[in-house]
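Trainee: I have a structure open and would like to go through it with you. Can we start with charged pairs and then move on to pockets?

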Amino acid sequence: MTEFIRPFGPTIYRGRLSDEEITYIQGVAKDTLEANKRIGKMLVGIMKDHFAAHVNDIDAFINMIKPHIVKYAKYEYERRNDLSFEQDGIQNENKGEVDWNSFNFNLGKGPWINFQKAGEYQPCHEHVGEISSVVYIDMPTEIAKEQYTKDTNINCPGQIEFLFGSGDIGSTGTQKFIPRTGDIMLFPSALKHIAYPFHTENITRISMSFNVFDWTVDGKKADS
């Protein structure tokens, strides 16, 4: 399953990992807990357990995420009809055929993994880089079934919400998603978003995040 959602301008990509990839990334989460490299003071989350991801086989990890990143870039290329992405950070001085096999990038200081418990959340924030990603490693099914209170029209436990624009009349302004284990989302790094809390005790919502820098295609470095 691949979706390109454009509720208000910027493109949000939603894809799926295979069962084998889910097993692999859950193993990375387990290794990350054991490595215990805390980086919470570098992040905005109101949660106890943020860790630098412990990725033993970086090639396997890149091979897992690269097809999704290339799909996002190709979609934007076709939508805009050239590789001159002033906003999203991709440029290609050659306007001819694109050699997608030459597409490359780096992840800066990422990725990192968030182990979110009851009552914890990510406040409204944005990232750095050209695009950013959230990979949902384990989304306990109990979360989506929660109803914190009947006295609201916005029960959204554990959901991610994207926000864009000024909120003027006629503008959608926000888009929420209910994450599932194995989902991978990509979006422009400057797109603000929130990860909402949940309230079920003794479960953990596990997600990975990373930022994509220095897109390169056809040997031309991105001018972001």
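Trainee: Which residue forms a salt bridge with Glu 161?

Mentor: Lys 176 does, and the closest N and O atoms are 3.4 Å apart. Keep in mind that this is a predicted model.

Trainee: Is Glu 161 buried or exposed?

Mentor: Buried: its relative accessible area is 5%, and the cut-off for buried is under 20%. Lys 176 counts as partly exposed, because its relative accessibility is 28%.

Trainee: Which side chains make polar contacts with Glu 161?

Mentor: The side chain of Thr 174 makes one at 3.3 Å, and the side chain of Tyr 196 makes one at 2.3 Å.

Trainee: What else does Glu 161 touch?

Mentor: Leaving out residues up to four places away in sequence, its contacts include Gln 175, Lys 192, His 193 and Ile 194.

Trainee: You mentioned Lys 192. What is its salt bridge partner?

Mentor: Glu 126, with an N to O distance of 2.7 Å. Lys 192 lies in strand β13 and Glu 126 in the loop between β8 and β9, so that pair ties together parts 66 residues apart in sequence.

Trainee: How accessible are Lys 192 and Glu 126?

Mentor: Lys 192 is partly exposed at 39% relative accessible area. Glu 126 is also partly exposed, at 40%.

Trainee: Why would such side chains pair at all?

Mentor: Side chains of opposite charge can pair when their charged atoms come close.

Trainee: How many salt bridges does the structure hold?

Mentor: Eight. One of them is between Arg 38 and Asp 49, where the closest N and O atoms are 2.8 Å apart. That pair links distant parts of the chain, eleven residues apart: Arg 38 is in the loop between α1 and β3, and Asp 49 is in strand β3.

Trainee: Buried or exposed, for Asp 49?

Mentor: Asp 49 is buried, with a relative accessible area of 11%. Arg 38 counts as partly exposed at 45%.

Trainee: Switching to pockets. What volume does the largest pocket have?

Mentor: About 570 Å³. The pocket is lined by 31 residues, and those nearest its centre are Leu 43, Trp 112, His 127, Ser 209 and Asn 211.

Trainee: Which elements give two or more residues to that lining?

Mentor: They are β7, β8, β9, β13 and β14. Strand β14 gives the most, with five residues.

Trainee: What is the lining made of, by class?

Mentor: It has 15 nonpolar, twelve polar and four charged residues.

Trainee: I also have Ser 207 marked. Which strand is it in?

Mentor: Ser 207 lies in strand β14. Its relative accessibility is 4%, so it counts as buried.

Trainee: And what does Ser 207 touch?

Mentor: Not counting residues up to four places away in sequence, Ser 207 touches Trp 112, Ile 113, Asn 114, Val 134, Val 135, Tyr 136, Ile 137 and Met 139. Trp 112 in that list is also one of the residues nearest the centre of the largest pocket.

Conventions. Residues numbered from 1 in each chain as written. Predicted model: local features only at pLDDT ≥ 70, side-chain atom pairs only at ≥ 80, totals over all residues. Heavy atoms only, no water. Buried < 20%, exposed > 50% of the residue type's maximum accessible area, 1.4 Å probe, protein only. Polar contact = N/O pair within 3.5 Å; in protein donor to acceptor, adjacent residues only side chain to side chain. Contact = heavy atoms within 4.5 Å. 1 Å grid on protein atoms, 1.4 Å probe; cavity = no way out; pocket = protein on both sides within 12 Å on 5 of 7 lines; lining within 4 Å. Points joined across faces, edges and corners; volume = space filled by probe spheres on them. Helix = DSSP H or I, 4+ residues; strand = E, 2+ residues; numbered from the N terminus. Nonpolar A, V, L, I, M, F, W, Y, C, P; charged D, E, K, R; others polar. Salt bridge = Lys/Arg side-chain N within 4 Å of Asp/Glu carboxyl O.
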